[in-house]
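The structure is shown first, and the discussion follows.

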Amino acid sequence: MAATDVHYVRDEMAPVLPPPAASGGLLGWMRANLFSSLGNTALTLVGVLILWLLFEPLIRFALIDAVWTGANREACLGHHGACWPYVADYFSQFIYGRYPLGERWRVDIVFAAFAFGLVPLLVPSAPLKRANVIFMLVVFPVAAYFLLTGGFGMEIVETANWGGLLVTLVIAVTGIVASLPLGIVLALGRRSQMPVVRLASVVFIEFWRGVPLITVLFMSSVMLPLFLPEGVTFDKLLRALIGVALFASAYMAEVVRGGLQAIPKGQYEGAMALGLRYWQMMGLIIMPQALKMVIPGIVNTFIGLFKDTTLVLIIGLFDLLGQIQSSYTDPTWATPTQSHTGYLFAAAIYWTFCFSMSRYSIFMEKRLHTGHKR
């Protein structure tokens, strides 16, 4: 009698099992990306060695050998690490500059209102976007101006007394907000079919791109008052804001123009075939695609602008870095490591802001599938 084959048919799905430890999780990622071959393993070990040689002295200076408490320079003398009590003592000046002590609550309100409006603006799923945009572009600038300068019963505070992170953020935020729309207009003007508009845009862009920012700031501070009528004064901070905004808008225009030129010709033809007018075509079809493609370039310009705010020291505006440098004249904290500690603190602040902008740029690229496979 022949043997009968017995077959089993599964009537439910097999349970999903986790991947082996060697191919999943952190260990699997390291095996696939860092130790996948003999060459990659060697490069990984060399990279780890280089990182250790670079960062070990920094970690030792900032954390291991650092001094954390003290009332004056005596606490840091004889130590080779960072003098953090000096930063703690000057922290308020690094943030507010010479802003009057009793009026600094006004700066705190501006910082809080800026964060309150910016965070939901950057979150794509946050509700009430239109109201949020109106608040940030209309309500907040007006309120911040009167809070910082004074009026309506508040003490008038001259911009000469502003300093520290306050000045850095005022210049950077103003430059960023103003340069993007100006850059878009200039990019469209450079690609315009009207010769006068195109020539004016080209001259403007090439002029501002051909002049160093430090020269722009110097001219706005020293030369501009010479052309004003007698008795007319122009606030120094406002002059810096205008110079920075115009300078950044020229670079922004070239970034946006690159995005416009990358749009296929068929997009323009399709928009015109639908009967759309020029501004409708640009606002609804062309510009959204162009801006999405050049997100890295736009954010790179923003980051460069944020770091270039340190140049305002040449015209007598004490931003964060300028305020730190001015503190070196105080003999109370004069130590061999004072300047190293101050510059390290400034570097940490600038890196935090720039890294945050970079990470948000990557988040938006992934969300919009820019440069990534779907």
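## Nonpolar surface patch

V46 is partly exposed, its relative accessible area being 46%. The model is a predicted one. V46 lies in helix α2, which spans residues 38-64. On the surface, V46 belongs to a nonpolar patch that also includes I50, L51, L54, F55, L58, I59, L63, I64 and W68. Together these residues have about 990 Å² of accessible area.

## Salt bridge between R190 and E254

Side chains of opposite charge can pair when their charged atoms come close. Over the whole structure, a search finds eight salt bridges. One of them joins R190 to E254, with the closest N and O atoms 3.0 Å apart. This pair links distant parts of the chain: R190 is in helix α6 (residues 165-190) and E254 in helix α9 (residues 236-262), 64 residues apart.

Both partners are below the 20% limit for buried residues. R190 is buried, with a relative accessible area of 18%, and E254 is likewise buried at 18%.

R209 meets E254 in a salt bridge with an N to O distance of 3.6 Å. Because E254 lies in helix α9 and R209 in helix α7, this pair ties together parts that are 45 residues apart in sequence.

R209 also forms a salt bridge with E206 (3.6 Å, N to O). R209 and E206 both lie in helix α7 (residues 195-209), three residues apart, or about one turn of the helix. R209 is partly exposed at 33% relative accessible area, and E206 is partly exposed at 36%.

A network of salt bridges links R190, E206, R209, E254 and R257.

Key: Residues numbered from 1 in each chain as written. Predicted model: local features only at pLDDT ≥ 70, side-chain atom pairs only at ≥ 80, totals over all residues. Heavy atoms only, no water. Patch = residues over 30% accessible without salt bridge, like charges linked within 9 Å, V, L, I, M, F, W, Y side chains within 5 Å. Areas by Shrake-Rupley, 256 points an atom, 1.4 Å probe, with all protein chains shown as cover. Salt bridge = Lys/Arg side-chain N within 4 Å of Asp/Glu carboxyl O. Helix = DSSP H or I, 4+ residues; strand = E, 2+ residues; numbered from the N terminus. Buried < 20%, exposed > 50% of the residue type's maximum accessible area, 1.4 Å probe, protein only.
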